Structure formats: C-alpha cells, structure tokens
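Here's a quick briefing to read with the structure open beside you. Take it slowly and find each piece as you go.

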Amino acid sequence: MTSVRLVYLARLREAFSSSGETLEITGDRPTVRDAVEQLRARGDVWSYELADGRAVRTAVNHDMASMETVLRDNDELAFFPPVTGG
Amino acid sequence: MTVRVQEEDFDVAAEITVLRDGDKRVGAVALFLGTVRDMNENANIETITLEHYPGMTEKSLTRIVEEAQRRFSIYGATVIHRIGALRPLDQIVLVAVKSAHRGDAFDACRFIIDYLETEAPFWKKEKTPQGARWVDARESDGEARRRWARVGDASADELDR
C-alpha cells in the first residue's frame with residue numbers, strides 16, 4: 001500500500017470541492033495512472049474531470065509528471081488545469 | 001537571480017536598480033512587464049484573481065531562469081509574479097534581464113516569459129458582469145514556447161515534458 005498526498009488546484013479544487021486528501025493506492029510501484037483510475041472509479045465529477053482528453057496536468061513533489069510517473073510513499077501528487085500565468 | 005511571488009505591487013525602476021547593482025559589465029537591460037487588460041474574450045474584466053501552487057511555483061521559476069542562463073550570455077535576471085486579486089491596469093509580472101549586449105538580454109527575457117506562461121503553476125480567474133470564470137490556456141502560448149525548443153536540445157526536452 002502506497003500513501004500519497006493529493007493536492008487539487010484552481011478549477012479542479014472547485015469541481016471536487018476539496019483542496020486535497022490522502023489516497024491509499026494498492027499494488028507495487030503504483031503510477032499516476034493508478035491514482036487517476038482509482039479517482040475516476042468514484043464516478044460523477046471525478047470521472048468527468050479526469051476523463052481521457054480533459055486538459056489536466058499533474059506534478060509529483062513539485063515536478064511536472066506524466067501518467068507513467070511512479071509514486072512512492074508520502075509523495076505529493078497535484079492535479080491542475082493547464083497554467084495561465086504571465 | 002531574484003525570483004519572487006507576492007501579493008504586493010512592485011516598483012519597476014527600483015527593481016532595475018537592484019538588478020544592475022553597480023555591475024559595470026552590463027551594457028543592456030531588457031524587461032517585460034505584464035499588466036491586467038480590461039477585456040478578454042468579449043467580456044469586461046472587473047477583477048482577476050491569481051492562484052498558484054506554493055512550493056512548485058518558486059522551483060519552476062528558478063528552473064526557467066537557470067535554463068535561460070545556460071542558453072544565453074546574461075549576468076542576471078529578476079522575475080516577480082503577483083498573486084491574489086488584481087484589477088485592470090495593475091502590474092502582474094516583471095521579467096528583467098541584464099547582459100553585456102541587447103541581443104542576449106532581449107532573447108533571454110522573451111525565453112523566460114514564454115516558458116513562464118506555459119510552465120509556471122499560476123491560474124487566472126476572471127470576474128466579469130456575467131460571473132466568474134477560469135481563464136483557459138491559449139494555444140498561442142504553447143507555440144511561443146515551442147519556438148525555443150531546438151532539435152537535439154536535451155535541456156529543452158527536459159523543460160518540455
């Protein structure tokens with residue numbers, strides 16, 4: 001079991017009505033994809049916002065990540081829309 | 001290098017003085033100043049609120065400036081990005097670069113702001129008379145960044161992940 005801290009930002013924080021939570025992921029060497037699939041399984045706004053083709057970016061421990069990025073215990077996994085600074 | 005994320009406004013002239021810091025090698029300072037417009041996608045803007053991801057923001061900006069220092073011959077840079085509630089005419093972002101010559105100063109300044117707009121974790125929410133909405137990323141921002149990604153340039157690939 002791998003325990004990661006999830007952070008939701010900007011539009012996703014509002015859509016999920018949450019700024020974050022702790023997620024327990026089963027299996028060896030889970031990836032961002034495993035976390036996403038676990039969240040999608042909740043249905044509703046989770047499956048909608050995290051559907052394939054939705055513009056969602058992820059970062060692990062403050063570095064941009066991909067669906068294949070491996071998660072370790074106590075990692076911070078953030079979900080956010082494409083950035084719009086500047 | 002100076003990288004700051006802050007709610008307070010900044011004084012451009014004072015920041016340039018600090019950046020130059022009596023450095024006699026410097027023959028050029030280029031700067032980009034981003035400000036809040038009153039109109040976006042046919043809606044009047046009352047306020048915009050800038051949110052960021054504390055911790056990642058500073059790391060991301062520092063990495064972008066370090067990459068500019070590798071690519072261009074510059075002596076230093078200042079990046080300041082505001083967060084919180086802003087109104088039309090307010091200053092949002094300052095990128096200033098010092099160098100011996102204008103070419104590197106201009107190029108590095110543009111490189112930093114182009115990458116900032118596609119890599120640094122900031123999000124804008126606009127308040128208009130019709131309600132509040134999150135600003136969508138523009139495709140033109142991605143194009144502006146890609147012009148800097150040269151074939152066979154490993155460091156560009158790293159930033160382009």
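This is a predicted model: local features need pLDDT of at least 70, side-chain atom pairs count only at pLDDT 80 or more; totals for chains, interfaces and linings use all residues.

Chain A has an open sheet made of five strands, and 20 of the chain's residues are in contact with 27 residues of chain B. Four salt bridges run between these two chains.

**The sheet in chain A**

- In what order do the five strands sit in the open sheet of chain A? The order is β2-β1-β5-β3-β4, with mixed pairing.
- At the edges you'll find β2 (20-25) and β4 (63-65) of chain A, and each of them pairs on one side only.
- Going from one strand to the next, the twist averages 35 degrees.

- About 2000 Å² of area is buried between chain A and chain B, and carbon and sulfur atoms give 56% of that.
- Twelve residue pairs are in polar contact between chain A and chain B, counting pairs with both residues at pLDDT 80 or more.
- On the side of chain A that touches chain B, α1 (10-16), β4 and β5 (76-80) of chain A each supply at least two residues.
- The element giving the most to that side is α1(A), with four residues.
- Sort the residues on that side of chain A by type and you get ten nonpolar, five polar and five charged.

**Salt bridges**

- A bit of background: side chains of opposite charge can pair when their charged atoms come close.
- Over all chains, the structure holds 21 salt bridges.
- Glu51(B) and Arg13(A) form a salt bridge through their side chains, at 2.5 Å from N to O.
- Why does this pair join two chains? Glu51(B) belongs to strand β5 (residues 47-52) of chain B, while Arg13(A) is in helix α1 of chain A, so the pair links the two chains.
- Another salt bridge is formed by Lys125(B) and Glu14(A), whose closest N and O atoms are 2.6 Å apart.

Technical notes:
Residues are numbered from 1 along each chain as its sequence is written. Chains are lettered from A and ligands numbered from 1 in the order in which they are written. Side-chain values use heavy atoms; hydrogens and water are left out. Two strands pair if DSSP finds at least two bridges between them. Axes are lines fitted to C-alpha atoms, for helices over the stretch in contact, and angles run from 0 to 180 degrees between N-to-C directions. Contact means heavy atoms within 4.5 Å. Buried area is the accessible area (1.4 Å probe) that two parts lose on being put together, summed over both. A polar contact is a pair of N or O atoms within 3.5 Å; within protein, one must be able to donate a hydrogen and the other to accept it, and residues adjacent in sequence count only if both atoms are side-chain atoms. Ala, Val, Leu, Ile, Met, Phe, Trp, Tyr, Cys and Pro count as nonpolar, Asp, Glu, Lys and Arg as charged, and the others, Gly among them, as polar.
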